[in-house]
Structure formats: structure tokens, C-alpha cells
Number of protein chains: 2
Amino acid sequence: MPHKATFYHAGCAVCVDAEQRLARALDRAEYAVEIVHLGEQPGRIAEAAAAGVKSVPALVMEGNPYHINFGAALSDLGGGA
Amino acid sequence: MPHKATFYHAGCAVCVDAEQRLARALDRAEYAVEIVHLGEQPGRIAEAAAAGVKSVPALVMEGNPYHINFGAALSDLGGGA
């Protein structure tokens, strides 16, 4: 059964690049990757913050946050993080 | 033929975690992943800097640098970057 990975982004150029290159490069036999656009789903900002996400793009793998380069601070997305 | 991906690190805790979780999660059918410890191979710091790497751990995928969290600045590794 695949592990869970969630890629949080906000549609920024840095985010799109990281999604297309890095998030898509994960082994889908090992990881079930969910893509979450926090600008479109602001209700999930709190979930990202709880996982330790400080900025986007970020990939949360089995609960561990990996910030990939820097697109925008989570606090700038209106989540109060 | 797999694309090239190079994971640069310096043996730090953040680096080891990113290597074990993220670098190993890449689809090996798509990416040939090389792991480079810049503390042990300082001669490759210039190569990392040329690819745009500013800190480790970082993954360079087809020439594009992705900084993953923050372990150490490349300039602190003695490469003059």
C-alpha cells in the first residue's frame, strides 16, 4: 500500500515548477501523491501548518514536511500560520 | 533512459532525513540518482554552486536546483559559493 505524500502549493511559478519536476518524480508505486492548491482550498491551510509547513511549495511525506525552494510563506496565504 | 538527478548533502541531520525520505522516493525508472557528500567530496562544491545550489540538502534535477529544507549554506562548506 502506498505511503501518503501531500504537495501543498499556491499556484506560484516556483510551486508549479516544483510540482512538475519533483512531485511528479516520486515513485507512484510507493507514494500516493495528493496535490493541494492552498489558494483554492484555504480550509486546508491549518492542516498544512499542523504538519509543520512554513512555506510553499512543500511536500509532506508521512507527516514530515519538506520545503522545496521558496514560493510564499504560509502566513501570507491567510491561514494565520 | 533515466533523467539525471544529483542529491547534494553534507551529512547533517536534515540532509540524512531528506536523503532517506525524499531522494529515495524518486522513481528510479525515471531518474538515475547520484548521492554526493560535499564534505567528503569538496571538489564538487563548485559543480553544485554552478547548478544554483545555495544550501544543502539540495536536489538538482536535470540542471534545476531544489533546496529541501535547510541544513547548511554551501558557503559554509568551504567552497566559496
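N69(A), at 24% relative accessibility, counts as partly exposed, a class lying between buried (under 20% relative accessible area) and exposed (over 50%), with a 1.4 Å probe and protein chains only. Good morning, colleagues. The model before you is predicted: local features need pLDDT of at least 70, side-chain atom pairs count only at pLDDT 80 or more, and totals for chains, interfaces and linings use all residues. Residues are numbered from 1 along each chain as its sequence is written, chains are lettered from A and ligands numbered from 1 in the order in which they are written, and side-chain values use heavy atoms, with hydrogens and water left out.

N69(A) belongs to strand β4 of chain A; strands are DSSP runs of E, at least two residues, numbered from the N terminus. Although not a glycine, N69(A) has a positive phi of about 50°.

I turn to strand β3 of chain A, residues 55-61. Seven of its seven residues are buried, so the strand is largely enclosed by the rest of the structure. Strand β1(A), residues 3-9, pairs with β3(A) in the antiparallel sense over four bridges; pairing requires that DSSP find at least two bridges between two strands. Here F7(A) has L59(A) as its bridge partner. With β4(A), residues 64-73, β3(A) pairs in the antiparallel sense over six bridges, and A58(A) has H67(A) as its bridge partner. Two residues separate the strands of this hairpin, where E62(A) takes a positive phi near 50°.

Finally, P57(A) is found in β3(A), and the peptide bond from V56(A) to P57(A) is cis, with omega near 0°.
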